[in-house]
Amino acid sequence: MKGNFHARFLGGRGRVNRLCLPGPTSHTMPDTMVTPHCEREAGSAPGAFYTVKDFCITCSLPVETAPENIRYHERPCTSCPSTLINHCLVVRQPETPEELDQMIEVVAGSCVEAYRYCGTDPEILRRLVEAGCKEQCDSLVRRKHDDVG
C-alpha cells in the first residue's frame, strides 16, 4: 500500500514544496497557518500538522508510518483523570520530503480522521485533497460555527 500511495500522490515526481519544511534547505517563508478547527492533543509540536484531542484510537498506523514525527503519549483520561491512556501525537513537524510524504499518508490513512492540517501551503493542500482529505484541511473547510447566522 505504501508504494501505491507514493506513486499516486507524488505523481511519480517525488517533488515537495518546501514552504513548510524548516531548516537549512528552506529558502522561502514558512507555511502560514489558520486557526485549527479542533483542539490539539496536549503536548503536540507546534506547526501545521496536528492530532485532534481524544480522537486517537491507538491503531498504530501513525507511529509505524511516521515514526520520527508521531509517537505514543501517555496522559490522564479527560473523563477519568486517575486513569492513564495512550494517544498518538505529532511530536515533530516534518522536516524532509520523506517525512512530509509520511505525514500526508498518516492524514489519509487515519480511520477516525484524528490528524489534520491547518497550513496553507498550496502544494500540500493539493496533495491532501487528491488523497481524499479535504475535510482534514482546516483552511479549506468552514468551521461549524461559521455556518450559523
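The structure holds zero disulfides, a disulfide being a pair of cysteine sulfur atoms within 2.5 Å. C59 is in none, and the nearest cysteine sulfur, that of C111, is 5.1 Å away. This is a predicted model, in which local features need pLDDT of at least 70 and side-chain atom pairs count only at pLDDT 80 or more, while totals for chains, interfaces and linings use all residues. Residues are numbered from 1 along each chain as its sequence is written, and side-chain values use heavy atoms, with hydrogens and water left out.

C59 is partly exposed, at a relative accessible area of 42%, whereas C88 is buried, at 1%. Here buried means under 20% relative accessible area, exposed over 50% and partly exposed in between, with a 1.4 Å probe and protein chains only.

Both cysteines belong to the lining of the largest cavity, which also includes C56, C111, P62 and Y115. A cavity is a set of points on a 1 Å grid over the protein atoms alone where a 1.4 Å probe fits but cannot get out, and its lining residues have an atom within 4 Å of a point. Grid points are joined across faces, edges and corners, and the volume is the space filled by probe spheres set on the points. A search of the whole structure finds one cavity of 30 Å³ or more; about 50 Å³ of space lies in the largest cavity. Its lining divides into nine nonpolar residues, two polar and no charged. In this count Ala, Val, Leu, Ile, Met, Phe, Trp, Tyr, Cys and Pro are nonpolar, Asp, Glu, Lys and Arg are charged, and the others, Gly among them, are polar.

E113 is in the loop between α3 and β4. This residue has a positive phi of about 55° although it is not a glycine, and at 43% relative accessibility it counts as partly exposed. Helix α3 itself, residues 97–109, is mostly covered: 10 of its 13 residues are buried. Among them are L100, M103, I104 and V107, along with E99, D101 and E105.

A search of the whole structure finds one aromatic pair. The rings of F49 and Y117 have their centres 4.9 Å apart and their planes at 50°, so the pair is tilted; rings of Phe, Tyr and Trp (its six-membered ring) pair if their centres lie within 6.5 Å, and planes under 30 degrees apart count as stacked, over 60 as edge-to-face and the rest as tilted. F49 lies in strand β1 (residues 49–51) and Y117 in strand β4 (residues 115–117), so the pair ties together parts 68 residues apart in sequence. Helices (H or I, at least four residues) and strands (E, at least two) are DSSP runs, numbered from the N terminus. Both F49 and Y117 are buried.

Notes. On a 1 Å grid over the protein atoms alone, a cavity is a set of points where a 1.4 Å probe fits but cannot get out, and a pocket is an open set with protein on both sides within 12 Å along at least five of seven lines; lining residues have an atom within 4 Å of a point. The expected span of a helix is 1.5 Å times one less than its number of residues.
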